[in-house]
Amino acid sequence: MDTQAHIVHQCEGRVRFKFPSLKGKKEVIEYVRSQLSDLDGVTTAEANHVTGSIIVKHATDLDRIISHAQDRGFSVVRATSNGNKDIAKTVPDTVGLVNTAIKKLSGGDLDLPRTSMATLILSGLIEIAVGKMVSPPWYVAFWYAYEIYNKNLVNKVSAN
């Protein structure tokens, strides 16, 4: 029986193991859950046979849990640092790198927002030139009108 586990998420006091080969095998994953839950320091272990995962809540060291699992014949694969990155950190970092590269290439004259605006204007002009000009959907026109009205209202209020 292949009982390789992947640590797909971990935080203080909680770890999620994914057993791809045990999806849909209710009795087997329940057996694995019972093996993991008998370690001192494990408060609960919850198995989901549909996804093939086990959540272990603990008050012990993760290395101790992994060693316990390996002693029971389960192999455990830790996620690499790249595979476990938070997307909320990855996207802004990537956008920041692109912005820095644009500034460097343009000698500081352009940045990502200005380049994006220029690209949108240029693509609009190209569509007009080739005859693909269409009016925006009504909801887009209303949204732009609302934004213009709202900016004017804010400017009037802040001027007083």
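In helix H2 (62-71), the residues Leu62, Ile65, Ile66, His68 and Ala69 are buried, where buried means under 20% relative accessible area, exposed means over 50% and partly exposed lies in between (1.4 Å probe, protein chains only). Seen down the axis of H2, these buried residues fall within an arc of 160 degrees, so they line one face of the helix; the arc is that of the directions from the helix axis to the C-beta atoms. The model is predicted, so local features need pLDDT of at least 70 and side-chain atom pairs count only at pLDDT 80 or more, while totals for chains, interfaces and linings use all residues. Residues are numbered from 1 along each chain as its sequence is written, and side-chain values use heavy atoms, with hydrogens and water left out.

**Helices**
- Helices (H or I, at least four residues) and strands (E, at least two) are DSSP runs, numbered from the N terminus.
- The cover over the buried residues of H2 includes strand E1 (4-11), E2, H1, E3, E4 and E5.
- Just after H2, glycine 73 takes a positive phi of about 95 degrees.

**The sheet**
- Five strands form an open sheet in the order E3-E4-E2-E1-E5, with mixed pairing, and two strands pair if DSSP finds at least two bridges between them.
- Strand E3 (42-48) and E5 stand at the edges with a single partner strand each, so one side of each is left without a neighbour in the sheet.
- E3 is joined by 6 bridges to strand E4 (residues 53-58), and the two run antiparallel; threonine 44 stands opposite lysine 57 in E4.

**The aromatic pair**
- A search of the whole structure finds 1 aromatic pair, where rings of Phe, Tyr and Trp (its six-membered ring) pair if their centres lie within 6.5 Å, and planes under 30 degrees apart count as stacked, over 60 as edge-to-face and the rest as tilted.
- The rings of phenylalanine 19 and phenylalanine 74 have centres 6.4 Å apart and planes at 85 degrees, so the pair is edge-to-face.
- Phenylalanine 19 is buried at 2% relative accessibility, and phenylalanine 74 is buried with a relative accessible area of 5%.

**Lysine 18**
- Lysine 18 lies in strand E2 and, at 26% relative accessibility, counts as partly exposed.
- Leaving aside neighbours within four places in sequence, lysine 18 is in contact (heavy atoms within 4.5 Å) with residues including Thr51, Gly52 and Ser53.
- Lysine 18 and glycine 52 are 34 residues apart in sequence and 5.8 Å apart in space, C-alpha to C-alpha.
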